[in-house]
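Visitor: I have a model open on my screen and would like to learn how to read it. Could you walk me through it, one feature at a time?

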Amino acid sequence: MGVTSAPPLQIEEAPISRWQIVRAQLGEKGMLVFFLIPALSVLLLVQGYPLVYSGYVSMVDWTLAKSPTPGGFVGFANYTKAFSDTIFVGAIQTTVTFALAATFFEMLIGFFLAYITVGESLFLQISRTILIMPMVVAPVAVGTLWRMMFSARAGLINYGLSLVGIGGPDWLGNPSVALTSLIIIDVWEWSPFVMIIYVAALSSLPTEPFRAAAVDGASRWQIFRYITLPLLVPVTILVLMFRLIDTLLTLDIVYTTTYGGPGFKTHTLSFWIYQQGLRYFNISYAAATSWLLLIACLTIAIGFLIWRGRVLARQS
Amino acid sequence: MYDERTSSLLNILNAATRVLVILLSLIVVSVPFVYLFLNSVKPPQEFLTVPPTIIPTHLTFEHYAAIFDPNQDTRSYFINSVVITVSTTIISVLIGSLAAFSLSRLKLPFRLSSLIAFAFLIVRFYPKITTTLPYFILMKDLHLLDTQIAVIVAHVSLTLPFVVWLMLTFFDELPRELDQSAMLDGCGPWQRFIQVILPLTTPALLTAAILTALLSWNEFLMASSVASSNAKTLPIAVSSFITDKGVQWGPMSAMSSVIVVPVMLFALFAQRYLVRGLTLGAVKE
């Protein structure tokens, strides 16, 4: 392309009045506010309004099967009722057991997987890509997949066990095993999440402290214990928070594997609320219990974020 | 390459053990998937034999044929899933990045911008079951139950936090001089957004789009509450196998495979973007 010198552009510099500037700024700001409106309206319509509405509904007496409109105000009756409901209290125990056990093993396995797969070689990258598959596919599909794996008669797990002479249990049907099976599924599904976060965290650690420690002749264990681990505390708190909250809300895999059974052995809180609300249409009762769960989640979130803030402040 | 940051523990495990452990974990992850795919091409009579047939004696695609049979509902569930995922992705990325742009450029009084950004973030932290019930009632009152629109709007609300926060971090990093020089050229906010800002953040947009598509395609709770038959998506359809259809492993596996395979291919080719989206917020890059 040849370079031709274009004639200089004639720019007419019109004098800009103060009014024009004010108008331009107003237009600018107005336009930017306008940009916010679509996203904000969706958020308010689907999350904000329902949140407030469920708070209101949780304090009235309303069962959709009996009446199409909310009944009278009952205060915190729905909340107190929940705590004398043995199935609900059982669901709390089930959920807490599930959440603590699943989170514990996910953190442990996820961290270990991150430590052995961190790196840029092709083998490690491909390994990581395969390892994240359980967390990217639909949780309901994970459920159906493990229903077949865990099937007592025709499942792969018990077949494998029978080859070495072990009679496997009815993983999803046996009351004393079902919750453990759900924990195994969740650990299989979500350890990769912990892994990818630790991989990212490990690869973005600053190099200087490690060089310095190596120069000072620190042993490998000392480096790991006194440099790597402390630097990973903030991200650990964050992953712990995400996993605790998400395991407390587990629904999809329960729905597609045990459906809360056998008996009420795997009724998690989310599943219980789902049943109350969308199956029996005990709207107020479901709303009240869902608020209890919400308060628990937000408490965890706030607590962990404050904890993380303190750790970060201490480290800097 | 020797890296002091990770070498300490790695040398404790020697290289061979390490590769062995990685291979073992790859097997643990892959076997259930392989089993699923094998089941989806297994003839029906081979499902309940004892001991179970692991490798089918011959391949059959009848379960897939049943899913894509024009007279079957599953075909429409598949179409619903595609329509809802595509619409959600387009809408969420568009209005989410617009909002993020606005939040990063707008100076509102009382730190309102930060408050609004925080309002988006908080959606990530509370149980969706709390908002699902009232949303169900709202859609019932608006006569929108069992429509694709009800599911799309729900999915947009669930994915917006991810889009807004992802784009916000990127927009905040873009130098303001870009805006200012475009402003001097007479570009309004809309022109600047489309012509200047967006082209510079294509990787971020892609990350947001991939994450949104994934979340929408997989979502169960909200879709199951508002879509009981006509607007059913694949995850809802596959979940109903446990309740009303007894043991139908063939169709169940085929449908699960249809849900799982596109996502796996997606993950394979877009791994970088996906991982960046999934680790969003936890680690600063």
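Guide: Gladly. Let us begin with contacts: two residues are in contact if their C-beta atoms, placed from the backbone, lie within 7 Å. Please keep in mind that this is a predicted model, in which local features need pLDDT of at least 70 and side-chain atom pairs count only at pLDDT 80 or more, while totals for chains, interfaces and linings use all residues. Residues are numbered from 1 along each chain as its sequence is written, and chains are lettered from A and ligands numbered from 1 in the order in which they are written.

Visitor: How many residues of domain 1 of chain B are in contact with domain 2 of chain B?

Guide: Domain bounds come from an automatic or database domain assignment. For chain B they give domain 1 (4-62) and domain 2 (72-278). Seven residues of domain 1 of chain B are in contact with six residues of domain 2 of chain B. The centres of domain 1 and domain 2 of chain B, taken over C-alpha atoms, lie 31 Å apart.

Visitor: What is the make-up of the side of domain 1 of chain B that touches domain 2 of chain B?

Guide: For classes, Ala, Val, Leu, Ile, Met, Phe, Trp, Tyr, Cys and Pro count as nonpolar, Asp, Glu, Lys and Arg as charged, and the others, Gly among them, as polar. On that side of domain 1 of chain B there are four nonpolar, two polar and one charged residues.

Visitor: How should I read the secondary structure of chain B?

Guide: Helices (H or I, at least four residues) and strands (E, at least two) are DSSP runs, numbered from the N terminus. Chain B has 15 helices and zero strands. Its C-alpha trace spans about 75 × 65 × 35 Å along the principal axes. Of the contacts in chain B with a separation of 6 or more, 75% are between residues 24 or more positions apart.

Visitor: And where do chain B and chain A meet?

Guide: As a general idea, the size of an interface is often given as the accessible area lost when the parts come together. Here we can count residues instead: 86 from chain B and 88 from chain A take part in the contact. On the chain B side, helix H2 (residues 15-40) gives the most, with 12 residues. That side of chain B divides into 61 nonpolar, 19 polar and six charged residues.

Visitor: Is Ile129(B) buried or exposed?

Guide: A residue is buried if 20 or more other C-beta atoms lie within 10 Å of its own, exposed if 12 or fewer, and partly exposed in between; C-beta atoms are placed from the backbone. Ile129(B), in helix H6 of chain B, has 28 other C-beta atoms within 10 Å and is therefore buried. Leaving out residues up to four places away in sequence, Ile129(B) touches Ser270(A), Ile273(A), Tyr274(A), Ser290(A) and Leu221(B). Across chain B, buried residues make up 45% of the 285 residues.

Visitor: Which residues have a positive phi although they are not glycine?

Guide: Most residues other than glycine have a negative phi. Among those with a positive phi here are Tyr259(A), at about 50°, and His143(B), at about 55°. Tyr259(A) sits in the loop between helix H11 (252-257) and helix H12 (269-279) of chain A, and His143(B) in the loop between helix H6 (128-141) and H7 of chain B. With 8 C-beta neighbours inside 10 Å, His143(B) counts as exposed.
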